Amino acid sequence: MRRTDLAGALTIELTNHCTLACTCCPNGRDSSHCRPKHTLAKDDFEPLLKQIDIPFSHVFLHLHGEPFLNKDLPTMVELLVMRGVSKFTVFSNAYRTDLDVLSQMLDKLGGNELELCFSAELYDKQTYERLRHPGTFESLWQSLEAIDRLMDSHKQQYSIISIIDAQATGMLSNAVPEIFRRLRQLKDIHFSSAFPWPHLPETGDIAGHLSSRRAVCSQIWQLPVILASGEVSMCSSDYRGECIVGSLWEHAYSELINNRKARLFRRHIATRHADRNTICEACLIDRLNIFSRTVRRKFIEEAKPATLEKYFATYNKYFAIDGQ
């Protein structure tokens with residue numbers, strides 16, 4: 001049997017609890033069908049790490065919850081640094097973030113690389129509060145400005161990820177420079193259309209952007225993921241726990257990602273029979289053209305207003321505004 005280790009990067013879910021119930025996320029739209037709630041405790045983390053018997057240098061500490069709700073995050077980062085991890089990626093909603101946890105995490109990095117990304121629509125109060133229920137725009141800004149000061153004291157930068165739609169594009173040329181002005185440690189803003197979660201196509205912007213033919217899923221080599229329960233799933237979008245292949249408390253990681261369930265999952269995707277996987281049958285991501293643009297601080301600070309207006313107008317092509 002040919003084995004794989006999917007080496008390099010690893011995703012570990014610290015918790016699937018969240019501070020928000022966003023309408024663009026299963027936690028807000030399909031919570032009754034989500035997995036049971038778990039938070040990975042520090043006393044369990046070290047024995048769990050011993051079960052991960054493959055090399056990895058980059059770890060994603062997030063998945064279907066708010067990672068800063070896990071008060072043991074700094075200890076886990078320290079253990080991962082000892083394990084040889086040199087790059088950490090953490091996604092958060094930034095809403096009332098525990099600054100003590102964030103500060104301790106920054107202290108434990110030991111000079112290793114951090115990619116910290118916050119999901120927030122800072123360009124418009126109405127859009128943010130429609131998507132990020134029950135968050136308030138004012139509380140979000142207070143939290144991010146406090147985070148910005150803390151990141152400055154640690155000489156660290158961070159990114160923001162924002163969902164946009166057709167209505168948003170007209171706001172960006174004025175709003176984005178103001179966001180960078182207020183948040184001095186902000187490195188870049190990544191704009192994207194909403195993601196259509198499996199079983200929940202209404203969470204995404206798919207009108208006019210969906211191919212009739214399935215492709216080989218681009219996430220196949222980013223899988224699998226370690227859930228907060230210690231179970232391993234073959235898909236990072238598996239909020240329901242549909243493609244769990246076993247538990248790290250019972251088997252080593254290399255055994256789980258090479259067992260019969262895992263190999264069959266990958267084979268179905270690689271041979272273009274993805275719909276034989278329960279979660280893939282309900283997923284649109286492999287046939288969706290998602291809008292994706294990253295705007296960096298240097299561009300915003302150097303561009304003239306007319307240049308910014310022209311640049312953001314190009315976003316309209318995806319949302320089919322021109323000509324309507």
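Biologist: Which residue in β3 is the bridge partner of phenylalanine 60?

Modeller: Threonine 89 is that partner. This is a predicted model, so every value here is computed from it.

Biologist: What makes β2 and β3 a pair?

Modeller: Two strands pair if there are at least two bridges between them. Strand β2 (residues 56-60) and strand β3 (residues 87-92) have three bridges. They therefore count as paired, and the sense is parallel.

Biologist: Why are β9 and β10 called edge strands?

Modeller: The sheet is open, with ten strands in the order β9-β8-β7-β1-β2-β3-β4-β5-β6-β10 and mixed pairing. β9 (244-247) and β10 (292-296) each have a single partner strand, so one side of each lacks a neighbour in the sheet.

Biologist: What packs on the sheet, touching β4, β5 and β6?

Modeller: Helix α6 (residues 137-153) does, touching β4 (113-119), β5 (158-163) and β6 (186-192). The direction of α6 makes about 155° with that of β5.

Biologist: Which element gives the most to the largest nonpolar core?

Modeller: That core has 87 residues, and those with the most contacts inside it are Ile52, Leu61, Leu144 and Phe191. Helix α6 gives the most, with seven residues.

Biologist: Which residues does leucine 144 touch, not counting residues up to four places away in sequence?

Modeller: Leucine 144 touches Ala94, Phe118, Leu122, Tyr158, Ile160 and Leu183.

Biologist: Why does threonine 169 count as buried?

Modeller: Buried means under 20% relative accessible area. Threonine 169 has 8%, so it counts as buried. Threonine 169 sits in the loop between β5 and α7 (172-182).

Biologist: What makes the approach of threonine 169 to asparagine 316 a polar contact?

Modeller: The limit for the atom pair is 3.5 Å. The two side chains make their contact at 2.8 Å, which is within that limit.

Biologist: How do you know that the bond between histidine 133 and proline 134 is cis?

Modeller: Omega is about -5° for this cis peptide bond. Proline 134 lies in the loop between α5 (125-131) and α6.

Biologist: Is arginine 96 buried or exposed?

Modeller: Exposed means over 50% relative accessible area. Arginine 96 has 61%, so it is exposed. Its place is the loop between β3 and α4 (99-108). Phi of arginine 96 is near 50°, a positive value in a residue other than glycine.

Biologist: What makes lysine 155 exposed?

Modeller: Its relative accessible area is 71%, and the cut-off is over 50%. Lysine 155 is found in the loop between α6 and β5. Phi of lysine 155 is near 55°, positive in a residue other than glycine.

Definitions and conventions
Residues are numbered from 1 along each chain as its sequence is written. This is a predicted model: local features need pLDDT of at least 70, side-chain atom pairs count only at pLDDT 80 or more; totals for chains, interfaces and linings use all residues. Side-chain values use heavy atoms; hydrogens and water are left out. Helices (H or I, at least four residues) and strands (E, at least two) are DSSP runs, numbered from the N terminus. Contact means heavy atoms within 4.5 Å. Axes are lines fitted to C-alpha atoms, for helices over the stretch in contact, and angles run from 0 to 180 degrees between N-to-C directions. A nonpolar core is a set of buried Ala, Val, Leu, Ile, Met, Phe, Trp, Tyr and Cys residues joined through side-chain atoms within 4.5 Å. Buried means under 20% relative accessible area, exposed over 50%, partly exposed in between (1.4 Å probe, protein chains only). A polar contact is a pair of N or O atoms within 3.5 Å; within protein, one must be able to donate a hydrogen and the other to accept it, and residues adjacent in sequence count only if both atoms are side-chain atoms.
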